[in-house]
Amino acid sequence: MSRQQHPSRLPCGSRLLDLSRPQVMGILNVTPDSFSDGGRFTARDAALRHAEQMVAAGATLIDIGGESTRPGARSVSPTEELERVAPMVEVIARELDVIISVDTSTPAVMRESARLGAGLINDVRSLQRDGALDAAADTGLPVCLMHMRGEPGNMQDNPQYPDIVSEVREFLVERMAACATAGIPAERIVLDPGFGFAKTLEHNLVLFRRMAELSALGRPLLVGVSRKSMIGKVLGHEVGGRLYGSLALAALALTKGAHILRVHDVAETMDVVRMIAAVEAAQ
Ligand code: 9MG
């Protein structure tokens, strides 16, 4: 199903997300180091400024995460996560005209973020934590379901699949069914292949090449590859040198039907989006 064939608007709390054209989601991590003792106000202020810049550059969503999902990352307590995320949701909801996405698997964070004005739940664990399905259903918000096996701490321990695309498709179909049972209708779901999560480089490349097959599930696709190690492995660049690789994959993802790009470099990605739109609009 192409971008144009999807329902064009996704209600996200008090805002509507226009899915008839590509959307850019800016990444805002509020992980431990940024909120160390004594620096709380400054760190939050800096995060707000960063969000502000991403919105000015064209981001229509800001994804706020308080628990790192990098390979090997340690998990944090729900209280700690809530203390990091809630103040950011509150201040961004008050200050900026943007849809707030919360990158969380924690039911209490979902509920409180929704109360404070979040518009989307982005759960890399696809609502598999205890209580997450009910919490997400109760918020009434749309949910991004992402493919991952295991946990960030162990997901890269020799992942193997007979066919990565079938694996991802079947996983997402199963999670959509679980959502339906919990009262989250398909219309509220966004799907994500989960690049870099429990996948080898080969898995990521094949999945990317065949991404359009996931559009057949009939839901909008969110793609997150910005600065990821699949780019580092192909190009041999450290994280700071992965911008051009990220932009190449952003362009390719759009031609393969992605609806939402989750990125660090919003202004640069917007150039890609605008350039493709200009070509596609030409008669
Ligand atoms: C939180 N997070 C990190 N990478 C991600 C990705 O690829 N997709 C989604 N939905 N969330 C991600």
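## Helix α4 and its surroundings

The buried residues of helix α4 pack against α3 (107-116), β6 (120-123), β7 (143-146) and α5 (164-182). Helices and strands here are DSSP runs numbered from the N terminus, with helices (H or I) of at least four residues and strands (E) of at least two. This is a predicted model, in which local features need pLDDT of at least 70 and side-chain atom pairs count only at pLDDT 80 or more, while totals for chains, interfaces and linings use all residues. Residues are numbered from 1 along each chain as its sequence is written, and side-chain values use heavy atoms, with hydrogens and water left out.

Helix α4 covers residues 132-139, and its buried residues are Ala132, Ala135, Ala136, Ala137 and Thr139. Buried means under 20% relative accessible area, exposed means over 50%, and partly exposed lies in between (1.4 Å probe, protein chains only).

## Packing of α3 on α4

Two packed helices are described by the angle between their axes and the distance between the axes. For α3 and α4 the angle is about 10° and the axes are 8 Å apart. Axes are lines fitted to C-alpha atoms, for helices over the stretch in contact, and angles run from 0 to 180 degrees between N-to-C directions. The two helices, α3 and α4, are therefore roughly parallel to each other; angles under 35 degrees count as roughly parallel, over 145 as roughly antiparallel, 65 to 115 as roughly perpendicular and the rest as oblique.

On the α3 side, Pro107, Met110, Arg111 and Ala114 take part. They meet Ala132, Asp134, Ala135, Ala136, Asp138 and Thr139 of α4. Contact means heavy atoms within 4.5 Å.

## Asp63 and the salt bridges

A search of the whole structure gives 19 salt bridges, where a salt bridge is a side-chain nitrogen of Lys or Arg within 4 Å of a carboxyl oxygen of Asp or Glu. One of them joins Asp63 and Arg262, with the closest N and O atoms 2.8 Å apart. This pair links distant parts of the chain: Asp63 is in strand β4 (residues 61-65), Arg262 is in strand β10 (residues 260-263), and they are 199 residues apart. Asp63 is buried, at 0% relative accessible area, and Arg262 is also buried, at 18%. Apart from neighbours within four places in sequence, Asp63 is in contact with Met25, Gly26, Ile27, Leu28, Ser101, Val102, Asp103, Asn122 and Arg262.

Arg94 and Glu95 form another salt bridge, at 3.6 Å from N to O. Arg94 is exposed, with 58% relative accessibility, and Glu95 is partly exposed, with 44%. Glu174 and Arg175 also meet in a salt bridge, at 3.3 Å from N to O. Here Glu174 is partly exposed at 40% relative accessibility, whereas Arg175 is buried at 7%. Salt bridges with shared partners join Asp163, Arg169, Arg210 and Glu213 into one network.

## Loop residues

Most residues other than glycine have a negative phi, and most peptide bonds are trans. Leu127 has a positive phi, near 60°. Leu127 is placed in the loop between β6 and α4 and is buried, at 1% relative accessibility. Asn158 likewise has a positive phi, near 55°. The loop between β7 and α5 holds Asn158, which is exposed at 57% relative accessibility.

Gln156 is found in the loop between β7 and α5. Gln156 is partly exposed, with 30% relative accessibility. Leaving aside neighbours within four places in sequence, Gln156 is in contact with Pro71, Gly196, Phe197, Ala198 and Lys199. The C-alpha atoms of Gln156 and Leu221 are separated by 23 Å, and the two residues are 65 residues apart along the chain.

## A nonpolar surface patch

Leu205, Val234 and Leu235 form a nonpolar patch on the surface, with about 240 Å² of accessible area together. Patches are made of residues with over 30% relative accessible area and no salt bridge; like charges are joined within 9 Å, and nonpolar side chains (Val, Leu, Ile, Met, Phe, Trp, Tyr) within 5 Å. Accessible areas come from the Shrake-Rupley method with a 1.4 Å probe, and for residues only the protein chains shown count as cover. Leu235 belongs to helix α8 (residues 229-235) and is partly exposed, with a relative accessible area of 42%.
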